[in-house]
Amino acid sequence: MKIEKEFSHPFHPQHKLKPEFTETPFNCDGCKEAGIGPKHRCQQCEFDLHKTCALAPPTINHPFYKKCEFQFFHHPPGPTLRLCDACGNDVQGFVYHCKRCGFDLHPCCANLPPVLNDGEKNLYLCLKLSNSCYCCGGKGSGWSYRSKCKTYNLHVSCVKKLLLENWQAMHLKVDSNKVRELQTRIPSLGGTSRDYHGGGRGGGKASSFSQMATGAISAIVSAILGDPTAVIAAAVGALLFK
């Protein structure tokens, strides 16, 4: 579905939302997750939605959960805390939920592409890790991207954490009511890949990770933030590792 003009959204009915494209990180007022790239915005209210959240269909299916039908909710269903089964983060807003099985997915997580290209190799979305994550060194639950040779594995949650920790530490503006915006473009993460893999132990592995990190992490980040296109992947990569 392609929308080029302003349109009304049931979650923000008082004003129309205008489609925009930004390289400046923002906080989605629908799913409460970070975003970059295409969005729909109410300038008057400073209200932003990922394109994925703004145009979310009422129901979806996902190949990882073949028996599930996911329904779209503006708020997490039920009184208990819910976690996204893809990234492990809290569900605080828009969500796809399977009533039958209890699975939950952030809209952007639900739309992560099955294959990403980091400029050198394809990365494949997997339900579980077969080898250790190059960020955390573990095999914890949650989706991941891995290379065809299965040498390179990255949790979606680890890449998300790496990105957000840097934003929060360096550039996040917070007021007493809510996080309104992420002020600047994605900062440099020089050296953080080594820190996230055991402080540089095992020089060969650390070196291999450094060689593949720029393309792989930037490609995954661009997908997580709602825009898995080659253009924004290149822009994110330049910002991450400038």
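## His62 and its surroundings

The backbone nitrogen of Phe64 lies 3.1 Å from a polar atom in the side chain of His62. This pair meets the definition of a polar contact: N or O atoms within 3.5 Å, where within protein one must be able to donate a hydrogen and the other to accept it, and residues adjacent in sequence count only if both atoms are side-chain atoms. The model is predicted, so local features need pLDDT of at least 70 and side-chain atom pairs count only at pLDDT 80 or more, while totals for chains, interfaces and linings use all residues. Residues are numbered from 1 along each chain as its sequence is written, and side-chain values use heavy atoms, with hydrogens and water left out.

His62 belongs to strand β5, residues 59-62; helices (H or I, at least four residues) and strands (E, at least two) are DSSP runs numbered from the N terminus. With a relative accessibility of 8%, His62 counts as buried, a class that means under 20% relative accessible area, against over 50% for exposed and in between for partly exposed (1.4 Å probe, protein chains only). Not counting residues up to four places away in sequence, His62 touches Phe70, Ala110 and Trp143, where contact means heavy atoms within 4.5 Å.

## Aromatic pairs

Rings of Phe, Tyr and Trp (its six-membered ring) pair if their centres lie within 6.5 Å; planes under 30 degrees apart count as stacked, over 60 as edge-to-face and the rest as tilted. By this rule the model has eight aromatic pairs. One of these joins Phe64 and Trp143 edge-to-face, at 5.0 Å centre to centre and 90° between the planes. The pair links distant parts of the chain, 79 residues apart: Phe64 is in the loop between β5 and β6 (65-73), and Trp143 is in the loop between β10 (122-126) and β11 (144-147). Phe64 is partly exposed, at 25% relative accessibility, whereas Trp143 is buried, at 1%.

Tyr65 and Phe70 form another edge-to-face pair, with 5.8 Å between centres and 70° between planes, and both residues are buried. Elsewhere, Phe11, Phe47, Phe72, Phe94 and Tyr96 make up one aromatic cluster. The ring of Phe26 has the charged end of Lys39 over it, 4.9 Å from the ring centre; this label requires NZ of Lys or CZ of Arg within 6 Å of the ring centre and within 35 degrees of the ring normal.

## The nonpolar core

A nonpolar core is a set of buried Ala, Val, Leu, Ile, Met, Phe, Trp, Tyr and Cys residues joined through side-chain atoms within 4.5 Å. The largest one has 47 residues, and those with the most contacts inside it are Phe70, Tyr96, Leu105, Leu112, Trp143 and Val156. Strand β6 gives the most to this core, with four residues.

## Cysteines

A disulfide is a covalent bond between the sulfur atoms of two cysteines. Here the criterion is a pair of cysteine sulfur atoms within 2.5 Å, and the resulting count is zero. The sulfur of Cys87 has its closest cysteine sulfur in Cys84, at 3.8 Å, which is too far for a bond. Cys87 is buried at 3% relative accessibility, while Cys149 is exposed at 51%.

His155 lies in strand β12, residues 153-155, and is buried, with a relative accessible area of 2%. Leaving aside neighbours within four places in sequence, His155 contacts a set of residues including Cys133, Cys136, Lys139 and Trp143. The C-alpha atoms of His155 and Lys139 are 8.7 Å apart, although 16 residues separate the two in sequence.

Lys99 is placed in the loop between β7 (95-97) and β8 (104-105) and is exposed at 60% relative accessibility. Apart from residues up to four places away in sequence, Lys99 touches Gln71 and Phe73. The side chains of Lys99 and Gln71 make a polar contact of 3.5 Å.

## Positive phi angles

Most residues other than glycine have a negative phi. Lys32 has a positive phi, near 70°. Lys32 sits in the loop between β2 (12-27) and β3 (34-42) and is partly exposed, at 32%. Glu46 also has a positive value, with phi near 55°. Glu46 lies in the loop between β3 and β4 (47-50) and is partly exposed, with a relative accessible area of 42%.
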